[in-house]
Structures are given as C-alpha cells and as structure tokens.
Amino acid sequence: MLLSELIRDVETECIHGPAEREIPDITNDSRKTVSGGLYFAIPGFRVDGAAFLPDVLKKGAGCVVTEKDTSEIDEILRQASAGDEGKKAGGDKAVCLADYPDLTVLRVKNARKAMGIMSGHFYGDPSEKLTVIGLTGTKGKTTTSVMIREMLEKAGHKTGLVGTIEILNGRERIPAANTTPESIKLHEELKKMLENGLDSVVMEVSSQGLKLDRVAGVDFDYGIFTNLSPDHIGKDEHSSYEEYRDCKKLLFGLCRTGIYHTDDPEAAYMMDGAAGRKLTFGRREDADYRAEDIRLYREGGVLGTAFRLTGKKNAEVRVDLPGTFSVENALAAIAVASEMGVPMEKIKEILLDIHVRGRVEMIPISDEFTLMIDYAHNAMSLRSLLTSLRAYNPGRIVTLFGCGGNRAKDRRYGMGEVSGELSDLSIITSDNPRFEDPQAIIDDIKVGIGKTSGKYVEIIDRKEAVRYAILNAKPGDLIVLAGKGHEDYQEICGVKHHMDERDLIREVIEESDVTKICGYHNQYFT
C-alpha cells in the first residue's frame, strides 16, 4: 500500500526522506520490523519505542512514524552508536538520519492515534464493512457482549467478539491479552472477521483502550454505556475518577447510536455532547427499553430473574442469571439486538440459555449447596453481587477472594469491608500477587474486614482455600469464588502460572472423599 493512502485523515509532517513509497508491512514491535516496513515509535509507560530505532534501521525499515523531531532522533542514534548496540547498527562512527537518505520519517502529534487510523487503512478499513457494537462501563461488559453476540448469531448474523476473555474471529478462538487489543492487532482481527464471512462484531471497549487510542480508526455503529464507578485508578492506570469517566465518554463521540443505562447517575454526563442518536434502557419511566415487575426465581439449582419489558418492546422475559444486574445486562442486549432487527421471541429464547464463563458461572457439583465463580474484583462489583445473592435467601454466603498485587490498596480495604459486611464467612486467599508478598496483601484485606464483625479465615494457597470452602460447606450455602472469573492463570513475580478454578474444584473432588460428606455429583466434569 502507498504511504499516501495510509496517512489520509492523519496530520503528518515528513521531516526526512522521500514523501511517497510502498509500505509492505506495519508494526510497533521493533523485533517484527521487516525490510521496507513501517515502524510506529510509540511512547510507552516504561519504554519509549523510539529507543529501538537503531534496531529498526538495522532491519531495513522504510518508514518511521514518531512524535520526535530530527534532532531528538539524531541524539538517539548518536548515543546508540557510541555503545555496543550502536556498533551493531552502524559501526564506530556517529550515526544520524543523514546516513539513511532512503528512510522516510513522519512526525505526528499523537503516534498512538496515528497508528490506529493508519492501521485501519492498511487493513482496508474493515470496521466500515462490519456492524460494530462497542460496550463500555465498569461492570457488565463481558456478560452483555456475550448476550448480544448470542442473540445476533442465533438470529442469523455471523458475529465476532473482542473482549476480556477472548477474540472470536470466525475461525480462531484467541485468548485475550487485553480487553481492547492494540490498534494494529484490532484492525487485523477485524479484517480476518470479514475474510471469514462475518458481518458483525461485539467489542468490549476499556477505558485504557480509549485513553491509549486503541480503537482509533474503528467505525462504531452502536456504543453502549452500562454503568460507572471508581475503578482502574492508580499508577499506570487513571490518575483520577474524572479522567476515568472522561475516557469512557470518548466512545460516544465515535458511534452513530449511543445506548445508555439511565439508572446510572453518570448516564447524563455520557449523553451530553454525544453526536449520535440516543436510546436508553433501565427502570426509569422514560427509558426506551424498560424493566418492570422484577422477580427472582430459584429452580433446579438455577438462580434467575424475570421481568416485564415495556417501552419500545413489550414482553415477559426470563434470564437464567441471578441478580438485578442481570436485568440491566439483559436490557442492554435487548436494546441493541432489537434495533438490529432480532425478533423478540428469539431474544426471549436466547436469554433462557445464556452462560458466560467466569460471570456468575454456576458450577453444579452438589445437590446440597450452590457454588459459583465470578470475576467480581473490586468493592462495588462484590457488593452488587453479594447483595443480589442475599435476595435468594441462602443458608450462608461464603465468599472466597483475594486482591491483585501492585494495585491500589484501597481496593483491598474496600473488598475486605464489603465481604465482612455481606458474607457469613470470608475466606481470604491469594489472587495475582504479582511482585508483592501474598501475606501482605491478605493483611491489607483484613484491615477492611476489621471494620466489620464478619468472620473470616485466611489461607494463602488458593487451591487449599477452595478445598476448605468445599469440605466445610453446609446445606443451603451459596459459595462464591470471587476475583479470578475467566482467568486461567496466577501471576507471581512476573510469571503467569496455569491456575483455573474449575481445575482446582475438580482436583479437590478427586482428592477427597466428598461424596459421603456433601452429597456431590460430578456431572459437570464428565
């Protein structure tokens, strides 16, 4: 593709070399640079991509996109040439841009945004040919995105998924590294979806993805706002709640139709200034898709919700997922599916068979108590979950959880206080300790629990904590394994070790004589 075609819609300044050339490949990873290819020198949290320019030039890059000027690039090359890396790249003499007359260097104000737009063009602007549905908010994105995809698939739309758990491009199932992939990867996957015959894609859009312009160049047909509460605030995330909120709002300047949860107090802020059409859902009387007469049910070990849908559509709806938050997620899914022409009867049918890995995921191993896995990993999501579960009148709520290392301590205090307040028993264990001492994290959680009268035990090893929860279960208990959800690893000292809570449960069952103790059946694992 010609460089001039890539840079349309991007304000660039050619500060060195030829202004036109053929571009065979693009990357922001210096290790993947090919001869003649284009390299995006992206300023990172810890490393500036421009630092790798000597390596990129050695590999024969044809074009570099950067925020730096020629003097800054010359200094990088000069310093590199003075050391071992420089000798590899250019010998013992001082190196500068003048030594690379055939190299094109484009200067831009925002390299990340430029990368997104140019990546879209490089892959043929696939989002313009797909119906793209983006979801943002603190809670509910994953469940709602799966609901929408299931509805569209069963209604005849071949639909991809980009989310926290995985990417589904119509041929491959790719574990997700980030909720919203880097823009080059995102546009490449959207192109694959088109090539694989898909016509739609449902995408979780994180605040970080919006902040870092990972969705730049994506043409959104629908944007959905679920809710907002303080989260992802701290080092390497967002500096404040206000910044977090403003990043979320960016989605609604990119979509043709915004769909907003008006029960949330931030909905009005999200709607303010949005250019597209506005639709609403919730329990307010003025909502376009409204839930009335909400009821809870417990049938055959399944916790569910039912409600009457009014507004633009009228129907009696049942959802085999617990809690009023499941009603909110269902309303968002109903709204977008309905706007895309999915019949209401089909929507109702699909909602009765929705299962999302790691989101209030029931693990049916006992006839005497309920065991579930959920991704609740902050105070607000845990409070919402436990409050909703209490409405089902369990014998006890037993909550097993930990907190991630190298994250704000307020999350630990908050989760500890919520669990101590709303659980009959808390089992404090390890989550992803990362580079922190797991016991230190547990001690922080205990500070929060100490503000309550809640009972707790502490067991650092997560498998042993799961074993304790299962072997000490009582009839009528509702046991929640919170925090890990869909994750199948535990991160310790920078290394991700395989750890799936479903495997832990199975191993506990296989290693213990639980049949006599608790009346287990193992159908879930057969």
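## Two terms to start with

Two strands count as paired if DSSP finds at least two bridges between them. Strands themselves are DSSP runs of E with at least two residues, helices are runs of H or I with at least four residues, and both are numbered from the N terminus. With these terms in hand, we can walk through the chain.

This is a predicted model, in which local features need pLDDT of at least 70, side-chain atom pairs count only at pLDDT 80 or more, and totals for chains, interfaces and linings use all residues. Residues are numbered from 1 along each chain as its sequence is written, and side-chain values use heavy atoms, with hydrogens and water left out.

## The chain as a whole

The chain's secondary structure comes to 18 helices and 24 strands. Its radius of gyration is 26 Å, close to the 24 Å that the globule rule gives for 526 residues, so the chain is as compact as a globular protein of that length. (The radius is taken over C-alpha atoms, and the rule is 2.2 Å times the number of residues to the power 0.38.) Along its principal axes, the C-alpha trace spans about 75 × 55 × 40 Å.

How much of the chain is buried? Buried residues make up 56% of the 526. Here buried means under 20% relative accessible area, exposed means over 50%, and partly exposed lies in between, using a 1.4 Å probe and protein chains only.

Inside the order, strand β11 (residues 220–225) and strand β12 (residues 255–261) pair in the parallel sense over 5 bridges. Gly 223 has Gly 258 in β12 as its bridge partner.

Now look at β15. Its antiparallel pairing with strand β14 (residues 289–299) has 9 bridges, and Ala 291 stands opposite Leu 309 in β15. With β16, β15 pairs in the antiparallel sense over 5 bridges, and there the bridge partner of Leu 309 is Ala 315. A hairpin through 3 residues joins β15 to β16. Since 7 of the 10 residues of β15 are buried, this strand is largely enclosed by the rest of the structure.

## The sheet of 5 strands

Another open sheet has 5 strands in the order β1-β5-β4-β3-β2, again with mixed pairing. Its edges are β1 (13–16) and β2 (26–27), each with a single partner strand, so one side of each has no neighbour in the sheet. β1 pairs with strand β5 (residues 104–107) in the antiparallel sense over 3 bridges, and Cys 14 stands opposite Leu 106 in β5.

## Ile 133 and the nonpolar core

In soluble globular proteins, nonpolar side chains tend to be buried together. A nonpolar core is a set of buried Ala, Val, Leu, Ile, Met, Phe, Trp, Tyr and Cys residues joined through side-chain atoms within 4.5 Å. The largest one here has 64 residues, and Ile 133, Ile 148, Ile 224, Phe 307, Ile 334 and Leu 351 touch the most other members. Helix α11 (residues 324–339) gives this core its largest share, 10 residues. A second, separate core has 28 residues, including Val 132 and Leu 198.

Ile 133 is found in strand β6 (residues 131–136) and is buried, with a relative accessible area of 0%. Leaving aside neighbours within four places in sequence, its contacts include Ile 148, Leu 152, Tyr 222 and Val 336.

Is Lys 154 buried or partly exposed? Lys 154, in helix α6 (residues 141–154), is partly exposed, with a relative accessible area of 37%. Not counting residues up to four places away in sequence, Lys 154 touches Lys 346, Ile 350 and Asp 353.

How values were computed: Contact means heavy atoms within 4.5 Å.
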